[in-house]
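The entries below follow the order in which I checked each item.

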Amino acid sequence: MKNKKKKSGEKAIIIILAALIVIFSAVTAVAVIKAKTDKKFDETSSSQSQSSSKDEETSAASSSSESTGENAASAESTSEEKRTSEKLSVENNVTSESTTKKTEPKRSESGRIIVDVKSVPWNLIVVNMDREIPEGYDPETKEILDSGYELDARVTPHYEEMYRAGKKDGVTLTPFSGHRSYERQRINYNNLTETYMARYGLDRKAAAKKAATVILPPGTSEHNIGLAMDICNTYDSFANTAEYAWLMENAYKYGFILRYPKEKEDVTGIVYEPWHWRYVGVEYAKKIKDSGLCLEEYLDSVGIAY
């Protein structure tokens, strides 16, 4: 009986121990599984975090790239706008200059160009039937050798020097008609116009045109600018005198030229006048004489505006 109880107690202990072992094994298995699960979760979270970080970096890089691209595009656009602005500015300047060059000169009531005497070298002013000086233009003048005739005060010394040189060579370059004021020219011209109206029964326009063949309209004569002298007389026969021959040979040395030479009428608009000598300065007088050109032709050939 005792042995039976003993065996029964041992069996119970074994069952209990087996149960404890099973429980321990189960707990251990659960712990291991949990540990593995936590580790996997941590790895997954880390991977997701890294992936998220990479995504953020990629997004930031993309954003930076886009921003850089936008900045570059903006800079390029600004640069292009600047170039366009500069181009337009240049084009506007060219257009402005071109417009300035094409601007029509001022004209008088008669339609003649009014010479801008302030922008033209005083010794190279050109006046004729198409060009006139402004009304009231009168240079400072000076009398020549007590002759009663005057020239521009800057010219008188040169004429007097030429006169004395001619005297030494046996010719007398007598002043015959020098400077005439704009007003004096107007009076002379109007008087002749009215004379022709009365004499020939012409209207004023026709009479004025006829008068202009004898006396130039005011402002269109070189006598009005004080740069020209009629020497000795106003006859074509002056071309046969010793004085004329001397002038043809020596006048340029003192700055004078024959203003209205033969066969230049179509350029000057004035018939041959052997008595009419014009001051242009020693430098230009020599060049014009050597060129064989009249004043207008020479100035055009060297590009001097007048």
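The model is predicted, local features need pLDDT of at least 70, side-chain atom pairs count only at pLDDT 80 or more, and totals for chains, interfaces and linings use all residues. Residues are numbered from 1 along each chain as its sequence is written, and side-chain values use heavy atoms, with hydrogens and water left out.

I then listed the buried residues of α5: E243, Y244, W246, L247 and N250. Seen down the axis of α5, these fall within an arc of 160 degrees (taken from the directions from the helix axis to the C-beta atoms), so they line one face of the helix. An α-helix has 3.6 residues a turn, so residues three or four places apart point the same way.

Next I asked what the buried residues of α5 pack against. They pack against α2 (156–168), β6, β7 and β8, where contact means heavy atoms within 4.5 Å.

I turned to the sheet, which is open, has 4 strands in the order β5-β6-β8-β7, and pairs antiparallel; strands pair if DSSP finds at least two bridges between them. Its edge strands are β5 (175–177) and β7 (256–258), each pairing on one side only.

Finally I looked at β7 and β8 (residues 276–279), which run antiparallel and are joined by 3 bridges. I noted Y279 in β8 as the bridge partner of F256.

Key: Helices (H or I, at least four residues) and strands (E, at least two) are DSSP runs, numbered from the N terminus. Buried means under 20% relative accessible area, exposed over 50%, partly exposed in between (1.4 Å probe, protein chains only).
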